[in-house]
Amino acid sequence: MNKRMEFTRKDKAKIIARANGKCEKCSAMLKTGEGEVDHILPCALGGEATVANGRLLCRVCHVEKTADDIRRVRKSDRQRDKANGAVRPKSALAGRKRPKPALTKTLPPRPMYITAGDGSAAQGGRE
Ligand SMILES: [Zn+2]
């Protein structure tokens, strides 16, 4: 089934060195050991644990990215599960995001009259 590919220590070190102490997404400065190596293409979607598919992210970016990955993985899982009839256990990581309520925006009433010009704006064809 789905075996999770983790980066080797060597590849992790390469990614960390490339990132140069910064988050590779938002460029936040990271303290030693603070960054998290992320799969750009999640392994569940066929991404490999290679230097090319890895990047160093700060905690904030990684959490954001992971939530996004889970949504994408779930979608592809659903399609696969539909095909083979398997049911996957719910992931504790999956943060549920509620849909925003639709905004019913009403415009403020507009004045229905136009202030009459004083004549200076109206320039006819003068000779
Ligand atoms: Zn970041």
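## Burial and core

In this predicted model, 13% of the 127 residues of the chain count as buried. The largest nonpolar core comprises eight residues: Ile15, Cys23, Leu30, Val37, Leu56, Leu57, Cys58 and Cys61. In soluble globular proteins, nonpolar side chains tend to be buried together.

Cys58, one of the members of this core, is in contact with Cys23, Cys26, Ala28, Leu30 and Gly35, when neighbours within four places in sequence are left aside.

## Secondary structure

The chain contains two helices and two strands, which follow the order α-β-β-α from the N terminus on.

Helix H2 covers residues 59-84, 26 residues in all. The distance from its first C-alpha to its last is 36 Å, close to the 38 Å expected at 1.5 Å a residue. After H2 comes Gly85, which has a positive phi, near 75°.

## Contacts along the sequence

Among contacts in the chain with a separation of 6 or more, 55% are accounted for by residues 24 or more positions apart.

## Confidence

The average pLDDT of the chain is 82, and 72% of the residues score at least 70. Where pLDDT is low, the predicted coordinates should not be read in detail.

Note on methods
Residues are numbered from 1 along each chain as its sequence is written. This is a predicted model: local features need pLDDT of at least 70, side-chain atom pairs count only at pLDDT 80 or more; totals for chains, interfaces and linings use all residues. Helices (H or I, at least four residues) and strands (E, at least two) are DSSP runs, numbered from the N terminus. The expected span of a helix is 1.5 Å times one less than its number of residues. A residue is buried if 20 or more other C-beta atoms lie within 10 Å of its own, exposed if 12 or fewer, and partly exposed in between; C-beta atoms are placed from the backbone. Two residues are in contact if their C-beta atoms, placed from the backbone, lie within 7 Å. pLDDT is the predictor's confidence in each residue, from 0 to 100. A nonpolar core is a set of buried Ala, Val, Leu, Ile, Met, Phe, Trp, Tyr and Cys residues joined through C-beta atoms within 7 Å.
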